[in-house]
Amino acid sequence: MIPTYPIELSVNGRRRRVDVAAHHSLLDILRDDLELTGTKECCLVGECGACTVILDGRTVDSCLVLAVEADGAEITTVEGLAAAGQVSPLQQAFLDRGAVQCGFCIPGQLISAHVLLAGNPHPTVGEIQESLAGNLCRCGCYEQITDAVLATAEEAER
Amino acid sequence: MSRARIGGSPNRVGGIGRVTGSQQYVADIRLPDVLEAKLVTIDCARARIISIDTTAALALPGVRLIMTAADLPRPVPRFGPKFHDRPVLAVGETNYHGEPVAIVAAETKDTAEEAARLVRVEYEELPAVFTLAAALDPAAPLVKDPALRPNDPLAGTNVIREHHFGWGDVTIASADVVVENTYTFPMVTHFAIEPHAFMAAPDGAGIAIWSTIQHPYVLQKTIASLLGMPLAKVRVYCPDLGGGFGGKQQPKLEPLIAFTALRAGRPVRLVLTLEETFQAVRRAAVEIRVRTGCLSDGTLAFQDIESNFLIGAYVEDADRVVEKSNYMACGPYRVPASRIVARTVLSHTTPSCSMRGIGTPQVTWAVESNLNECAYVLGLDPVEFRLHNLARMGEAFIPGDTPADGRWDQVVHKAAEMIGWGSPLLPGRGRGLALGIKSGPTTGLSYSTVRLLADGSVIIFVGTSDMGQGARTVFAQIAADELGAPLDWVTVVMGDTAIVPYDQQTSASRSTVLMGNAVLAACREIQAKVRGMAARLHGLDEASIVVEHGVVRLPGRDVPIIEVLRPGLGPLGGELVGNGEARKDADPSHPLSGAPVFFEFNCTAIEATVDEETGDVVIVRHVTVSDVGKALNPLQVTMQDEGAAIMGLGHTLMEQYIFDEGGRIRNLGAIDYRIPTSMDLPLEMLSAIVENADGPGPYGAKGMSEGAVLCVAPAVAAAVRQATGVAIRDLPLTPERVWRALRDRPIP
């Protein structure tokens, strides 16, 4: 048997205890143990951004974070962005602006955009493009994703 | 007009699940008792398998099954859409790097991976071919055993088919100017962000398969045939895909997973890594020689085209890619004489398959680039030159085939205007323009069932796959419009062959037209029933009643459908059911087995500048204009066009497989194989459409999801040529390649 280590972390505001193998990633336990499959698995080398989550306020590629490193951390995944069954203004803007096609990259895009706006409520187009450069979208919705982030920032100002 | 109706852009049906993470893709589905699978491969492209020792792997606790070809029926079953040449597992020999020789099924993913590493495969590396030059060498080792190609005159070569198209006689056509060049296009890969995923489970006397597949009914047929089961006992689930782009059309590893699940007696699941998807799907690499003849006034005299497509070790749909794209190689022009020779060439590499544009981006890269060269040599404006030769609406530009089905001149004029064609350029800038045309589907069969429920809500059943293109939304809009339901009262059921009626496939940008027509026909059948109801209820002659766009038009007044439906159904409630069919049968006399239902036509115009120090190409403005007939959902049309344009920039500027001498892909995975990110966009992306409601689909729509990828490369290369004076004929236009070309530029 592979030895496991107990970790405790907060995921979307809920405390969770998980026994994890030393080599398992945060992505592994989110998807396989906690059944939070909104966070997606693609490249596993930290290049595509599909597995982006928030760890203690900053974005990480959850495929590159060992689960044991997340012991004690506060994690937010895409499932944590909507409150009380109501999608967030950012999620709504993604829909309204046509930023979503196949949708597979969208959880990661949303998490990156959410953290960007939290730290920089009025980003420029260049800042948005740079902040989301680590989130690949093969449907090529980059223009619409940028529009959605801009629109969310403008809406928040009103 | 309501935003939900035809011509409006309501939010994507299924969008909420995509932004909240609740949308379940295949890899997100958890079956109880499922075994995790891992493929066993060897570090070599072509090898003779001497032995496979599974002892150590089987000894690992948690390993339930290891299958090799020896555990499959004899002879090992093979499959493929036309040539049944792909074995379920490698038999005796591997033919490309990454071809599975065994599969492990274990209780956990960790165990499966470890066991796969413990399987000892003894093998002997064999001579192999990875390039066109090597594959076409008369002394080349043969990829396909000639014994498998009886009565095939090409059996002693690596050419699987040689296609000949054309008309007139190029050998006697006279021209004032002849321009001849050779162009190359590398192997690239689909890189859907969702890696392929497969599951299979014994299901009573049958089997259930979950797959990231565009064509659930093709998969059903394949599995039924391989397992000897009736179609009804093969249930295929295909949840919405995380991108397909052609790479998820044909069955690949599903047969293997099906045999594994039946043998294990338990569900089995295989999710590929991104690296494994690189070894599963790719676009064909191409070398094309184009010889174009023109009169001095710019009138095209002939096209003489010879293209070699480097496909992989198994044919899959790659030969269709070759024939379909090359048949249209002369483009949308009036060409008096043409000769097209196109070869489908096997190699010991990943099987190539259809990818957005089905070979047309490769052919268009060469032929449109050569036309730009002709304009340059003749001293003609490339736009005027094209317009001079462009087929007019109704003109049979390919003799005997579907005539030009759009006002393509309007597309060219619009793109030229949007790029500012003819206006002064800043120093160091260049502009380029190119046209792309692709044959739409040549056969088709789509059925749809639509149910109008007692409260006026609607359920649509379709076998189309929604892989991001937005088919679900468009079908919902059609039914909402025709039956008068609010869009959020329409449910679209897809992705389960036990529930939805047959659909041939989701490809060739067909679904809006063919399945759209089937949905429309089903709605019309319901409308006819509503008309009968209204006549009965009001004691009127049916002929005096019209039902359209959700409204019952009675003599003198209009009422919503629900006001007829409710009393018409009566106290028991119930529903009205409509069935629709869209069919286009094959035409055996046609070179493609059928004339296209429509053409996709696009004009792309680029303004670019080049950093002379680094060779970096900066796209200042990218204009893409498509003839879509009628945009049923203009926002989704923009998303598809701009997305296709960006995909085109990928193969134009950065994407390519790089092989080592042993046929292994060196840049395997996301670190070394780059696709466009948000930092690689044109400084300005402008898309527009031409709509004349002249398509065969609902309300005059044409298919449109591939047009904008077709001619990006020749437009960019023409802009680079104007900016720098250098013509580059090999893709991609990486900084290194451009820098080298600039360095070697002759001093004027």
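Mentor: Start at B:Ala47, whose bridge partner in strand S6 of chain B is B:Thr94. Keep in mind throughout that this is a predicted model. B:Ala47 sits in strand S2 of chain B, which spans residues 47-53. S2(B) and S6(B) run antiparallel and are joined by two bridges. The sheet they belong to is open and has three strands, in the order S6-S2-S8, again with antiparallel pairing. Its edges are S6(B), residues 93-94, and S8(B), residues 120-125, each of which pairs on one side only. In general, strands of a sheet pair through backbone hydrogen bonds, in a parallel or an antiparallel way.

From the sheet, turn to the packing. The largest nonpolar core holds 286 residues, and the residues with the most contacts inside it are B:Val104, B:Ala479, B:Val519 and B:Val716. Helix H13 of chain B, residues 514-538, provides the largest share of this core, eleven residues. For B:Val519, neighbours within four places in sequence are left aside, and the contacts then include B:Ser448, B:Val450, B:Ile460 and B:Val462. B:Phe475, B:Ile478, B:Ala479 and B:Gly580 are also in contact with B:Val519.

Next comes the contact between the chains. It takes 42 residues from chain A and 43 residues from chain B. On the chain A side, helices H2 (89-96), H3 (106-119), H4 (125-131) and H5 (142-157) each supply at least two residues. H2(A) gives the most, with four residues. The residues of this side divide into 25 nonpolar, ten polar and seven charged.

Chain A itself is assigned two domains, domain 1 (4-80) and domain 2 (89-157). Taken over C-alpha atoms, their centres are separated by 22 Å. Domain 1 of chain A brings 13 residues to the contact between them, and domain 2 of chain A brings eleven residues. On the domain 1 side, the elements that give two or more residues are strands S3 (52-55) and S4 (58-61) of chain A. S3(A) gives the most to that side, with three residues. That side is made up of six nonpolar, five polar and two charged residues.

Conventions:
Residues numbered from 1 in each chain as written. Chains lettered and ligands numbered in written order. Predicted model: local features only at pLDDT ≥ 70, side-chain atom pairs only at ≥ 80, totals over all residues. Pairing = 2+ DSSP bridges. Domains from an automatic or database assignment. Contact = placed C-beta atoms within 7 Å. Nonpolar A, V, L, I, M, F, W, Y, C, P; charged D, E, K, R; others polar. Core = buried A, V, L, I, M, F, W, Y, C linked by C-beta atoms within 7 Å. Buried ≥ 20, exposed ≤ 12 C-beta atoms within 10 Å, placed from the backbone.
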